[in-house]
Amino acid sequence: MSKDILVGDHFLSGDVAAAEGAIAAGCRFFAGYPITPSSEVAERMARRLPEVGGIFIQMEDELASMAAILGASWGGRKAMTATSGPGFSLMMENYGLGIMTETPVVIVNVQRAGPSTGLPTLLGQGDVMQARWGTHGSYQAIALSPESPQECFDMTIKAFNLAERFRQPVILLMDESVGHLFERVTIPPKEEIEIVNRKILKDKNRKIYEPDEDLVPPMPPIGEGFGIHVTGLTHDERGYPSINAETQERMIGRINDKIRKYADEIVDYEEFMVDDAEVIVVAYGITARSARRAVIMARENGIKAGLFRLKVIWPFPSKRLEELSDREFVVAEVNNGQALVEVERAIKKRAVFVGKMGGEPHKPQEILKGIEEAVK
Amino acid sequence: MARLELQIGGFGGQGVILAGLVIARALSLYDKKEAVFTQAYGPEARGGASSSGVVIDDERVDYPYPLNPDILVIMSQEAYSTYFPRLKEGGTLIIEKNLVKMDKVPEKVGEFHSIPATKIAEELGNRIVANIIMVGFITKTTGIVSKESAKRAVLEMVPAKVRDLNEKAFETGYSYEEG
């Protein structure tokens, strides 16, 4: 059996499943700095990458980790890093460099409670807005949120596919609970796994940042005679700095539009008992699992409740939520109201908010109370 | 079978995490049940409170943590104080006989079992296998997991050089007669 895809049923933690997803997606470079609760991702990659001809580097910090994976991606490898809150903060500058240089990479953030060092090894979901706006400037973000080890595997592959498709860093926004819980993970045979690879530039006369019709420029291979200049400065189609309003408008407009115009391709959610629901709970990650139980409990008590689970957090499924806006809404998350802002913006009214500052997931009962309040 | 919760509590170093993981793995991979394993522990490597949870259901488990365990396995006095109040009314309580002291079995306990797992482990040659003795005992007394699956998971998850000792520990726990 080939070592890159461990076909079959396994009993894995979310962290380990994410590492396996990366390897199945073709990731062959990992640079990171261990930080709980994400360390198991690095640990698994350190053991697995040498088996499949990949490279694992433990870097001196998260700034360097992020820089290393950008470099590896330009070198032609699929590359990933994994971290948690404090490390994610340190990665923000080079995350922006990845957006500006249109570099496909995957950043796994296994969220713990912050701010700052916060609660190592205890749950938080407070990095939702940081995933969207953490680095400066105008850009679009792509962030996925798994609720189980199986989804950690599947969504890491999807994160790589989106990164390659859009030439953009993609964030796998996990949380401590999902990262540390163990569940069955079914790894399908290679031929059943959809893999997207970046477009490669072939024409040596073409400018390296000249986009195709989908607004994404093919990526020039390094060492094959292309004149390649990679800079965080605003650059023209040749890749050279062009410090003026026209280039800024054109180039930054394009790196936003390449995602904004295709957002419907990326948006992904699950609706559970939503059809006849009078009240809908919006949740993601571990909180969605508490909410699912709460919805079942509410139904047993005669309240028509449903769950709207964000599988992709960014871009946000505002259109669908707007369609559902005649219902009552509850938002549950382990922070002080981040997805809440987007939900209320979409439904154009207030939602009942069930927040927690972190350290433990919601008990289903806590979300049930929110559901009862919403239908009062 | 509807949702069923098992919680194992003790102190760090007793192997309560591995005990839970073995049972959950056996249920998930070999008994083909829907099972989730979770753990809770302090920052200490040894001595702090430690617990593991296994939740089983017919369909995919939603909330993955034990809320009111149907089966509670306790391997230290501190864990008894922490977790006993959460035991479901009429639930099963299993204790490490020499590490948990109680005057009498509390009323809300429906089924009670006890085993001096640490002492038996010492007699087998290493107290470190007390957790696997407990896994054998849980397998026998609760019937939540098949013997073949549990044993297979034990043998897969322990280092090769102590496989025989762990197999003996599992069998000893499984065949222990409560006096």
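In the predicted model, buried residues make up 51% of the 179 residues in chain B. The secondary structure of this chain comes to six helices and six strands. From the N terminus on, the elements run β-α-β-β-β-α-β-β-α-α-α-α. The C-alpha trace of chain B spans about 40 × 40 × 35 Å along its principal axes.

Chain A was assigned two domains: domain 1 covers residues 8-192 and domain 2 covers residues 271-375. Their centres, taken over C-alpha atoms, are separated by 26 Å. In the contact between them, 23 residues of domain 1 of chain A meet 23 residues of domain 2 of chain A. On the domain 1 side, five elements of chain A each supply at least two residues: strand 6 (119-123), helix 5 (128-133), strand 7 (143-144), strand 8 (170-175) and helix 7 (176-180). Helix 5 of chain A gives the largest share of this side, with four residues. By class, the side of domain 1 that touches domain 2 holds 14 nonpolar, six polar and three charged residues.

Chain A also touches chain B. Twelve residues from chain A and twelve residues from chain B take part in this contact. On the chain A side, strand 1 (8-13), strand 9 (182-187) and helix 10 (286-300) of chain A give two or more residues. The largest share, four residues, comes from helix 10 of chain A. Here the classes are four nonpolar, two polar and six charged residues on the side of chain A.

The largest nonpolar core has 161 residues. Those with the most contacts inside this core are Val106(A), Val281(A), Ile313(A), Val330(A) and Ile23(B). Domain 1 and domain 2 of chain A each contribute at least three residues to the core. In soluble globular proteins, nonpolar side chains tend to be buried together.

Val106(A) lies in strand 5 of chain A, which covers residues 106-113. Leaving aside residues up to four places away in sequence, Val106(A) touches Ala22(A), Met80(A), Thr156(A), Ala159(A), Phe160(A), Ala163(A), Val170(A) and Leu172(A). Gln58(A) is 48 residues from Val106(A) in sequence, and the two are 16 Å apart in space, C-alpha to C-alpha.

Ala339(A) belongs to helix 12 of chain A, residues 339-347. In this helix Ala339(A), Leu340(A), Glu342(A), Val343(A), Ala346(A) and Ile347(A) are buried. These residues lie on the same side of helix 12 of chain A because they cover an arc of only 165 degrees around the axis. An α-helix has 3.6 residues a turn, so residues three or four places apart point the same way. Helix 12 of chain A is followed by Lys348(A), which has a positive phi, near 55 degrees.

Technical notes
Residues numbered from 1 in each chain as written. Chains lettered and ligands numbered in written order. Predicted model: local features only at pLDDT ≥ 70, side-chain atom pairs only at ≥ 80, totals over all residues. Core = buried A, V, L, I, M, F, W, Y, C linked by C-beta atoms within 7 Å. Buried ≥ 20, exposed ≤ 12 C-beta atoms within 10 Å, placed from the backbone. Domains from an automatic or database assignment. Contact = placed C-beta atoms within 7 Å. Nonpolar A, V, L, I, M, F, W, Y, C, P; charged D, E, K, R; others polar. Arc of directions from axis to C-beta.
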